[in-house]
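Here is a short tour to read with the model open beside you. We will look at rings, a helix pair and a couple of backbone spots.

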Amino acid sequence: MKILHCADIHLDSAMTANLDKDKARERRSELLASFKDMVGYAVKECIGVIIIAGDLFDTRNISVGAKKEVYNIIINNPSITFYYLQGNHDNGSFVSYLDEIPANLRMFGKEWTSYNAGIINNGSITKDIVITGVELDSDNVGKIYGSLSLNAGNYNIVVLHGQEASHVSKNNAQIISLKDLRNRGIDYLALGHVHEYSSDRLDARGVYCYPGCLEGRGFDEAGEHGFVVLDIDETSGSSDTYFVPFARRNIYVAQVDVTGCESTFEIEQKLSSFLNNAGFTKDSLVKLELIGELDVECEKDTDYLCKQFENRFYAFKIKDCTAYRVDYMSYEHDVSLKGEFIRNVMGRDDINEQDKAVIIRYGLQALQGEEIV
């Protein structure tokens, strides 16, 4: 028996942080299409169960079109049972739209809810495959561990949406304590909320897994994205998991060391060389971080640089992370206003070295009548 575990689809996300209005609309459509294609993958691979571990939608105020499409995807695939646990972004947005729950859609509430999803039968021993989940909120998060009761003779899948304590918290998600879930008879802990794939042992018996988001939406979600398939042998009861990359577009964040460059032209040459060898496709979203040290008088125009490369990719961004270097000795005997300014700044004991370099950079731009950037 194969079970598809996904989470954090975030349908109807705004997508405007890095994209213009038209591309943002296109990416919203692509997210919905990826969800539909994922269900199509399940049909093709004879997967009869899809677990959505939270944040199917991004906000309460989602479009009627997205709601209708998800509803149609569910009802038009009766061979698949969908187990949908709402996350901190869902807020009942989809359920409130439904006149009635489709026959192949299972929901979870604020208390533990369990469903039988299949049977393992090796001839002498029969056990149920049971999916159990609960929606976390501030009222129940401290109580759920004591109220979890699983039959150790079953194959137990537990579904939760929240922040496992070792990850950096985001979006005020409830914290999940893996410590309190160990040795409770869990075979597979299906989690949602963390947007990158990760999996590890929960205890001697079971594993926990975040499948990550189906599609990366911004540069904070670089890397491969997709879903996880849990494959349970219905005779032996043994199981395995594998990650399936599925995103339509890849997101890349890369650092380029521009130390020693003296002008925008030289930086452009370095970036061009890097991109020519990087293998990023035209459909990708690419962010380059400029690192290294530049002379305080280096001419550098990141807006111009962005324009030179933005047409090569679906989205392109440059972040300047360079530090400035001041060759103090070359200004030690400079009798100009520039030399006097630099000596005065460098002589200050109450300013750290990098801040001195930035002040000098701004001061030189002002002295030359340039726009301060």
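## Aromatic rings, helix packing and backbone

Tyr252, Phe274, Phe280, Phe309, Phe313 and Phe316 are joined into a cluster by ring pairs. Please keep in mind that this is a predicted model. Across the whole structure, a search finds 13 aromatic pairs.

**The stacked pair**

- One of the aromatic pairs is formed by Tyr252 and Phe280, and this pair is stacked, with 4.3 Å centre to centre and 20° between the planes.
- The two partners come from distant parts of the chain, 28 residues apart: Tyr252 belongs to strand β15 (residues 251-257), while Phe280 is in the loop between α4 and β16 (285-291).
- Tyr252 counts as partly exposed because its relative accessibility is 26%, which lies between the 20% limit for buried and the 50% limit for exposed.
- Phe280 has a relative accessibility of 17%, so this residue counts as buried.

**Charges over a ring**

- Tyr314 has the charged end of Arg249 over its ring, 3.6 Å from the centre.
- Lys23 also lies over the face of Tyr314, at 4.7 Å from the ring centre.

**Helices α4 and α5**

- In general, the angle between the axes and the distance between the axes describe two packed helices.
- Here, helix α4 (residues 264-278) packs against helix α5 (residues 302-309) at an angle of about 35°, and their axes are 10 Å apart.
- The crossing of α4 past α5 is right-handed.
- On the α4 side, the contact is made by Thr264, Ile267, Glu268, Leu271, Ser272 and Leu275; α5 brings Tyr304, Leu305, Gln308 and Phe309.
- By type, the residues of this α4 contact with α5 divide into 6 nonpolar, 3 polar and 1 charged.
- If you are tracing links between topics, Phe309 is part of the helix contact and also belongs to the ring cluster.

**Positive phi values**

- Most residues other than glycine have a negative phi.
- Cys46 is not a glycine, yet its phi is positive, near 55°.
- You will find Cys46 in the loop between α1 (21-44) and β2 (49-53), and Cys46 counts as exposed because its relative accessibility is 68%.
- Asn183, also not a glycine, has a positive phi of about 60°.
- Look for Asn183 in the loop between β9 (175-176) and β10 (188-192); with 66% relative accessibility, Asn183 counts as exposed.

Definitions and conventions
Residues are numbered from 1 along each chain as its sequence is written. This is a predicted model: local features need pLDDT of at least 70, side-chain atom pairs count only at pLDDT 80 or more; totals for chains, interfaces and linings use all residues. Side-chain values use heavy atoms; hydrogens and water are left out. Axes are lines fitted to C-alpha atoms, for helices over the stretch in contact, and angles run from 0 to 180 degrees between N-to-C directions. Helices (H or I, at least four residues) and strands (E, at least two) are DSSP runs, numbered from the N terminus. A crossing is left-handed if the near helix is turned anticlockwise from the far one by less than a right angle, and right-handed if clockwise. Contact means heavy atoms within 4.5 Å. Ala, Val, Leu, Ile, Met, Phe, Trp, Tyr, Cys and Pro count as nonpolar, Asp, Glu, Lys and Arg as charged, and the others, Gly among them, as polar. Rings of Phe, Tyr and Trp (its six-membered ring) pair if their centres lie within 6.5 Å; planes under 30 degrees apart count as stacked, over 60 as edge-to-face and the rest as tilted. Buried means under 20% relative accessible area, exposed over 50%, partly exposed in between (1.4 Å probe, protein chains only). A charge sits over a ring if NZ of Lys or CZ of Arg is within 6 Å of the ring centre and within 35 degrees of the ring normal.
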